[in-house]
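Please read the following account alongside the sequence and the model.

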Amino acid sequence: MPSAWFLIDATDQLEISMRWYLATTADHDTHLATPAVGNNVEALCDKTFQPHFELPGEPLDPLQVCAACLAKRALAASGSVARRR
Ligand SMILES: [Zn+2]
């Protein structure tokens, strides 16, 4: 079961794969991000970091998750710019 989110760019219909990455093992420091330059990933909350770990699916512990990333995904999912498949 794929669990990645895809953001759809409204102008050129690009699909960007978003996955959960741990920035650190601290609480609220797991972000929904897409690969960026180098070994970095760029999160929905605009944070760029070198991931500690990539989650295979959805985070099991809500305490780990970045609130800003969750809020942005919820916003995107309510419109036409994102979908899950
Ligand atoms: Zn975030």
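Where is the place of His31? His31 sits in strand β3, which covers residues 30–35; helices (H or I, at least four residues) and strands (E, at least two) are DSSP runs, numbered from the N terminus. The model is a predicted one, in which local features need pLDDT of at least 70 and side-chain atom pairs count only at pLDDT 80 or more, while totals for chains, interfaces and linings use all residues. Residue numbers start from 1 along each chain as its sequence is written.

Why does His31 count as buried? His31 counts as buried because it has 28 C-beta neighbours inside 10 Å. The term buried applies if 20 or more other C-beta atoms lie within 10 Å of a residue's own, exposed if 12 or fewer, and partly exposed in between, with C-beta atoms placed from the backbone. Leaving aside neighbours within four places in sequence, His31 is in contact with Tyr21, Ala23, Ala43, Cys45, Lys47, Cys66 and Cys69. Two residues are in contact if their C-beta atoms, placed from the backbone, lie within 7 Å. Phe49 is 18 residues from His31 along the chain, and the two C-alpha atoms are 9.7 Å apart.

One of the contacts of His31 is Ala43, a residue of strand β4. Ala43 counts as buried because it has 23 C-beta neighbours inside 10 Å. Beyond four places in sequence, Ala43 is in contact with His31, Leu32, Ala33, Cys66 and Cys69.

The pairing of the two strands comes next. β3 and β4 run antiparallel and are joined by three bridges; strands pair if DSSP finds at least two bridges between them. Pro35 has Val41 of β4 as its bridge partner. The two strands form a hairpin with five residues between them, and Gly38 in the turn has a positive phi of about 65°.

Which residues make up the largest nonpolar core? This core has 12 residues in all: Met18, Trp20, Tyr21, Ala23, Leu32, Ala33, Val41, Ala43, Leu44, Val65, Cys66 and Cys69. A nonpolar core is a set of buried Ala, Val, Leu, Ile, Met, Phe, Trp, Tyr and Cys residues joined through C-beta atoms within 7 Å. Two or more core residues come from each of β2 (15–22), β3 and β4 (41–43). β2 gives the most, with three residues.

Val65, one of the core residues, is in contact with His28, Thr30, Pro59 and Leu70 when neighbours within four places in sequence are left aside. Of these, Leu70 belongs to helix α1, residues 67–78. Leu70 counts as partly exposed because it has 18 C-beta neighbours inside 10 Å. Leu70 and Leu32 are 38 residues apart in sequence, with 7.7 Å between their C-alpha atoms.

His28, another contact of Val65, is found in the loop between β2 and β3. With 16 other C-beta atoms within 10 Å, His28 is partly exposed. Most residues other than glycine have a negative phi. His28 is not a glycine, yet has a positive phi of about 60°. Asp46 is also not a glycine and has a positive phi of about 80°. Asp46 lies in the loop between β4 and β5 and is exposed, with 10 other C-beta atoms within 10 Å.

Gly57 is placed in the loop between β6 (53–54) and α1. Gly57 counts as exposed because it has 11 C-beta neighbours inside 10 Å. Its C-alpha atom is 7.3 Å from that of Trp20, a residue 37 places away in sequence.

For the chain as a whole, there are one helix and seven strands, in the order β-β-β-β-β-β-α-β along the sequence. Of its 85 residues, 21% count as buried. Among contacts between residues at least 6 apart in sequence, 51% join residues at least 24 apart.

How confident is the prediction? The chain averages a pLDDT of 79, and 71% of the residues score at least 70; pLDDT is the predictor's confidence in each residue, from 0 to 100. Over residues 10–14 pLDDT stays under 50, and the model has three contacts beyond four places in sequence for them. Where pLDDT is low, the predicted coordinates should not be read in detail.
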